[in-house]
Each structure stands twice: as structure tokens, then as C-alpha cells.
Amino acid sequence: MYGILPETDIQKSYRVVEKSDDALGGKAIRRQIEISFSANGQTRQMLVLLYMPKGVKQCPVFVSPNFQGNATTTTDPAVIESPYSTHGRANQTSRWSYDRIINSGFAVATFHYYDIYIDSDNKLNETIYPLFGINTNTDLQANTGKAITAWAWGCSRVLDYLLTLDNIDQKRTIVLGHSRLGKAALWCGAQDERFAMVISNDSGCSGAALSRRNFGETVERINTSFPWWFCNKYQSYNQNISSLPIDQHELLALVAPRPVYVASAQEDQWADPRGEFLSLQEASKVYALYGLETLEGCSFPAVNEPLWKGNCGYHMRTGIHDVTEYDWQAYIGFANLHLKR
Ligand code: GTR
């Protein structure tokens, strides 16, 4: 459904384009790193914004792409604006609890998802795909990935870089994404076992939610609105969802036995909170194979009452489709509980 990328030898290089050892009121180290990729006569770049808590020798790290450019995640004036963003500086700071993250001893790395794949149709040429020898839609096989696979790939490339740093704890790396980027985070975490924990924030249809419930956004609807997100083969199930031989609990189960967190929002019925919970509950049966506690027999938790069992975490908070302080607090707490040095 997501699709894969062709095997390609891609050359990478890293360049720190800006840095400060005195960021976020003096408590953080800031690095802005350009990662360059080249292959098939093409080059592409992504720009990573990394904050690390000062004085922590081995920090756990969140890798999480952003929607509007690095400069929209913070009021920090030194953060470089994205060339593609039409949004003002600090426009989405409420989604990025940098104070809480740094105060909790975590590092965080983000990048604008457009660096990897511009989120619209017929832009394949401006994405990372030419690196793989794919330039137009006609170059796509039925099972070639598209945007979701590309964003997942981007998260892994950030991790490649982070693992070159002495002060990042290789055993406590977390991939997190919201909504369409939650779908990408799950697909990334399922494939890239270097990520020690995987978090889906309101990922909904074709993310954490079960497709065959046909509730809220459907597979047909998502493939029609966003035909550039999933591989072409997925579209063949649009009108016959019951024949889809997989469902999203199997994606969550691929994360096992690593900790996985699924979060929903009460007013986000489009993403089907109940379907997200049932999916995690089913996936938890695979965690049982590793001797971990499961969510079997648990009822759908009340709003703002997180259910954490074994290596599976779930909550449905009040409010809309968003990432909030409540969500970050839960993720940090869950990571502290489950990721050991
Ligand atoms: C919606 C889409 C969802 C979700 C969301 C988002 O339009 O229907 O699947 O991905 O966008 O990314 O905010």
C-alpha cells in the first residue's frame, strides 16, 4: 500500500550550516545541518534543525518532520526559513513543545517534509525520486512508493546523521509524525529497526486506523484526494476494501517488540479514534509473542485517560486534529518508561 523504493546507491554528505551552543534561552545546543544526496546524476538537499539539551552526554532523540518549514516550529530567530514555505516564522510553535522536550533531557530533530517530497501531484521531478531514476509517473511500478514512502525515507536519513553524533543515544531514538506524517512515521518505524520507538499522532486512515472499518476517511477517499501518497496498487482496492489482504494493525505489529504509541483526538473523527485503538489492540497480540502484556480485553479508554500496557501506548485527548503539549507530555513519559540506556 505504501510501496517501496528501488535499491539505489545514494551518496550522502553532511554540512553544519549554522550552530549555537547557547540556544533556547541558553539551555540547548542548536545545529542546522544540510544533508546532500546524489545519485543518477541528480542532487537533492534536506535541512535538519536539531536541538539538544546542554550538558546531557547521551540524549534520547525525537525525529519528526514538520509541515510548514523549520522556522515555523519556533520563535528562535536563527532558524533558517524553508524556501518552499508560505507560512510565517513561528506559525506552528504550539505543535513543538521544545521547552518541555529540552527540559526533559531529550533532543529533537525536524525537517520540512517538502524537502523530500512536495505534497502535491505531478511534482515527482522535484522530489527525491529522480535520485532513484524515477522522474515521471510513467516510471512508477505498481508497487513503487510515493510521498508517504519518501517522507519515511527522509526520517531514516536524519537518523543516519544523528547516529554519527557522540551525544545521541543510539538506543533511544524515536520517530514521530502527525497525520499524513504519522502515516510516514509508522511506515518508517516498521522498516527501520534502528528506531527504538514509534509514535503515531492522529495518523488516521492508512496510518494507525483500521481500513476495513470504513469509518471516517476511507481508502477510496484518501486515494482520490491524495493519489500521490500511496503506491498505485493500493488504488485497486478503492471499491473493494474487504478484499484488501492487509490492514493497519499489521503495520503496527511490525514495530514489535519495540514500544509503539498511537494517539487520537476526540474531535478528530475523520481519523477514526476507535479504529486506531482497535488496530493497536490487535497489534498487541504480536507483542504477546515476545512475552509482553497486551491490550486484549481492555475497553476503549475514556478521553484523557492514557492506556499504557506492555510496550503499547494509547490515548485519546480532548480537542481537534493537532499535536499539543498533552501529546508531548505523554510521549516523553512513555519514552522515559520504556527506553532504557
Ligand atoms: C487530511 C487527510 C488525512 C490526514 C490529514 C493531515 O486531509 O484526509 O488523511 O493525513 O489531511 O495530514 O493533516
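1. The protein has seven helices and ten strands, counted as DSSP runs: H or I of at least four residues for helices, E of at least two for strands. Please keep in mind that this is a predicted model, where local features need pLDDT of at least 70, side-chain atom pairs count only at pLDDT 80 or more, and totals for chains, interfaces and linings use all residues. Residues are numbered from 1 along each chain as its sequence is written, and side-chain values use heavy atoms, without hydrogens and water.

2. The C-alpha trace spans about 50 × 45 × 35 Å along its principal axes.

3. Of the 341 residues, 59% are buried, meaning under 20% relative accessible area with a 1.4 Å probe, protein chains only.

4. Now the ligand: Ser-179, Arg-180, Lys-183, Glu-217, Ile-222, Phe-226, Trp-229, Trp-270 and His-321 surround it, each with a heavy atom within 4 Å. By class, this shell has four nonpolar, two polar and three charged residues.

5. Glu-217 places one 2.5 Å from a ligand oxygen, Lys-183 has one at 2.9 Å from a ligand oxygen, and for His-321 the distance to a ligand oxygen is 3.2 Å. The ligand taken alone exposes 320 Å², and the protein buries 80% of that (Shrake-Rupley method, 1.4 Å probe).

Note on methods: A polar contact is a pair of N or O atoms within 3.5 Å; within protein, one must be able to donate a hydrogen and the other to accept it, and residues adjacent in sequence count only if both atoms are side-chain atoms. Ala, Val, Leu, Ile, Met, Phe, Trp, Tyr, Cys and Pro count as nonpolar, Asp, Glu, Lys and Arg as charged, and the others, Gly among them, as polar. Buried means under 20% relative accessible area, exposed over 50%, partly exposed in between (1.4 Å probe, protein chains only).
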